[in-house]
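Please keep the sequence and the three-dimensional view at hand while reading.

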Amino acid sequence: MSEPKPPTPTPGDTYKGWLFKWTNYIKGYQRRWFVLSNGLLSYYRTQAEMGHTCRGTINLATANIAVEDSCNFVISNGGAQTYHLKASSEVERQRWITALELAKAKAVHMQAESDDSGDDCPTPPHTPGHGGGNRNEIQLTLRTLGSKVEDLSTCNDLIAKHGSALQRSLSELENIRLGPDTGDKIRQVTERATLFRITSNAMINACRDFLSLAQTNSKRWQKALQTERDQRVRLEDTLEQLAKQHNHLERAFRGATVLPPSLSNPAMDSKGSGSSGKGDASDEDDENEFFDAMEDPAAYITVPADPKYHRRSGSNVSGLSSELGMDDQSLDEQSLASNPDSPQPLEVEPVRQRRTHIPDKPNYSLNLWSIMKNCIGKELSKIPMPVNFNEPISMLQRLSEDLEYYELLDKAAKCQSSLEQLCYVAAFTVSSYSTTVYRTGKPFNPLLGETFELDRLQECGYRSLCEQVSHHPPAAAHHAFSEKGWTLRQEIALASKFRGKYLSIMPMGSIQCIFQKSNNHYSWKKVTTTVHNIIVGRLWIDQSGEIDVVNHRTGDRCHLKFAPYSYFSRDVARKVTGVVMDKDGKAHYVLSGTWDEKMEFSRVMQSSKGENGTEGKQRTVYQTLKAKELWKKTPLPEGAESMYYFSFLALTLNEPEEGVAPTDSRRRPDQRLMEAGRWDEANAEKQRLEEKQRIVRRERERAANSPEEAVTEDLINDSPLKTDAEEIATEANEASYETDTEDSPCPTPIASPHGPPPYQSVHHDDYQALWFERIDDPISGEPMNVYKGGYWETKDQGTWDRCPDIF
């Protein structure tokens, strides 16, 4: 069955289709997907490449279009680019030639107008809903102009008809001899000439009327469109201001209003359950939708569920409140409105305004080979790495960025169903990678004992604390708790492997989230991060691997798969898929999306075994309801490309703040100098801090009086990544360790050639953390550092005598 041919395009339309393009004498003509839009002709290998890889583009404004034979034609822009193309038929070739000629004429006309007026901004289309009078007037004028165009077309046909007749009569007049019939011929020619003149005059009058009407209304249209544009801009500004004021008032109201638990919780529970029932009733009107999930085709596929599943009874209504997008604000307002005894706010504290910009990144060129050349003859462990590789933020602050989308945990804490809660927790795990898509800079490796607090209790209802608990190997502990009823804790150490063209970073350690109301305890691990084009080319980052988010109380599990980027894959880039299952392995939700944009989830109504996939695996077919959005990435700030691609949260992390501990990352001098753009001073300060840390390390070893466990000074210096040969030699020495860097090109130890070692087997130095203690986790059985308390109480008292002097 042949593909349907598209209709002949009109000016301004986007024209797409398959053509055969000449590649070389070996492969000949190859089938390519061509797209004609805005005067540009682009081509791709497949339709799936349109989102990420364009193979070539030619500007039709300066191009020549030549027809070779019935199916072949050539497009060239003067020698720099020449496309030899072939259509499947002569009709298809003529469609493309027509579309190309129309697009070229329009491109030339737009270019000429741009050169004359200097205005490159196209007139925006009319926005419906504003200026009804102007819209009606414009539509009336357009109808009048349309009738004039029809008159012109009719006159054109008549002129062509009468002109041909007049031409024939003139030819006959030239061939006849003078005779009796001469007068009749002359009279006939005169009549036809008169008809031609009358028709021409009619067309000229129609053209004059059209031109006069167009000139009369042109300025009026421009003024009307400008008025519409100004109104739209004013409305957008007003809405933005109202949204900001609403957000500030809501946060201030929540921070100032305190409800007794005995009064607020019952009202919230009753209202929450009522809202769930109401929301499910509205779900009955949802249409069946094909959930075009981005799942692995070898694993499972999804189809629309039968309409009978939309008619739920009252027994299964209460478990779907989260699907309906119920936010915290509605619950809080309902609980307050239902409780007349709620105390009124006495005073509203102003919300602190956080910064939205940092100094632009200096345009310093960095030559990796010159750095390596200056290090010839030096020991590998003593090669200093400049701050040019870094971004003005520490690894502790980067770890705190996992709370960028804390609202997902707030919503999860309100879920009645543990399976729905697991969907939000899974979305939270994916959202922590959204800030890494453009962040190719390396964070500062924290000094031993360095801390970072993120106090957002007033604005967001949570507090977070990170501490560098080990330097050999580097490991950081993180603890966050929220007034909304959740606690997040994690300990992360990193192993890396350099493979020439790319660097793989394997996080070790687990992340745990506990919800107080339901006692659900979740744990998961991070996937592998790969930095490509280390030596040559532009750096880019990819996330790949699998994550199992496990609810240890109920046995529920969500299996997430991060698909690695493949040049030959037709799937969307950065794809993530997942299935939420109960302890018996029955699927309840299907998740899909990308780790840099958004995640969606859809409820599974029925599952069955399908046909075998391409790899011989039997696929599971899921019948699902309409997909709903779980999480969507917040756009980056304006000018983020000059601010290290920081998000709004990242811009505030290094903002100076009073009352923080002396060991806080905000007080680190080399990091502050780098943020200010003083990179030379930052490099000097960085070397001073490294030398100071080495001295403290030696003193601690001497105080421990254990020379057999002492580590040589060389292993503490700032060094690049070790080679596999050096690592094998290091492993042969029982008293030695992997490379311990202060701030190497990647602040991670190097894993063995056989993969990263188990985290519980990594040896830690004898340093005792100040705010965390090392225990055996009862859930996973692995040793990890858990917050032991005291930090926020010390901050309230303002006594930081226990903190070491690390800066």
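## Terms and basis

A residue is called buried when its relative accessible area is under 20%, exposed when it is over 50%, and partly exposed in between, judged with a 1.4 Å probe and protein chains only. By this definition Tyr-589 is buried, because its relative accessibility is 1%.

The model is a predicted one, in which local features need pLDDT of at least 70 and side-chain atom pairs count only at pLDDT 80 or more, while totals for chains, interfaces and linings use all residues. Residues are numbered from 1 along each chain as its sequence is written, and side-chain values use heavy atoms, with hydrogens and water left out.

## Overall composition

The protein has 807 residues, of which 44% are buried. Its secondary structure consists of 14 helices and 27 strands; these are DSSP runs numbered from the N terminus, with helices (H or I) of at least four residues and strands (E) of at least two.

A contact means heavy atoms within 4.5 Å. Among the contacts with a separation of 6 or more, 62% are between residues 24 or more positions apart. The protein exposes about 42,200 Å², and carbon and sulfur atoms supply 52% of this area. Accessible areas come from the Shrake-Rupley method with a 1.4 Å probe, and for residues only the protein chains shown count as cover.

## The nonpolar cores

A nonpolar core is a set of buried Ala, Val, Leu, Ile, Met, Phe, Trp, Tyr and Cys residues joined through side-chain atoms within 4.5 Å. Which members of the largest core touch the most other members? They are Trp-486, Trp-524, Leu-560 and Leu-591, in a core of 71 residues. Helix α9 (residues 418-431) gives the most to this core, with nine residues. A second, separate core has 20 residues, including Phe-34, Leu-36, Tyr-43 and Phe-73.

Trp-486 also shows how a residue meets others beyond its neighbours within four places in sequence. Its contacts of this kind include Leu-403, Tyr-406, Leu-409, Asp-410 and Ala-413, as well as Ile-514, Phe-515 and Gln-516.

Tyr-589 is located in strand β22 (residues 587-594). Its side chain is joined to that of Arg-603 by a polar contact of 2.8 Å. A polar contact is a pair of N or O atoms within 3.5 Å; within protein, one must be able to donate a hydrogen and the other to accept it, and residues adjacent in sequence count only if both atoms are side-chain atoms. Cys-558 lies 31 residues away from Tyr-589 along the chain, and the C-alpha atoms of the two are separated by 9.1 Å.

## Salt bridges

Side chains of opposite charge can pair when their charged atoms come close. A salt bridge is a side-chain nitrogen of Lys or Arg within 4 Å of a carboxyl oxygen of Asp or Glu, and the structure holds 31 of them.

Glu-681 and Arg-678 form another bridge, with their closest N and O atoms 2.6 Å apart. Glu-681 is partly exposed at 40%, and Arg-678 is partly exposed at 42%. Asp-805 and Lys-692 meet at 3.5 Å, N to O. This pair links distant parts of the chain, 113 residues apart: Asp-805 is in the segment after α14 (791-797), and Lys-692 is in helix α12 (residues 679-704). Asp-805 is exposed at 62%, whereas Lys-692 is partly exposed at 23%.

## Aromatic pairs

Rings of Phe, Tyr and Trp (its six-membered ring) pair if their centres lie within 6.5 Å; planes under 30 degrees apart count as stacked, over 60 as edge-to-face and the rest as tilted. The count comes to 22 aromatic pairs. Phe-515 is buried at 1%, and Tyr-522 is buried at 0%.

Tyr-567 and Phe-568 also form an edge-to-face pair, at 5.4 Å centre to centre and 90° between the planes. Here Tyr-567 is partly exposed at 35%, and Phe-568 is exposed at 72%.
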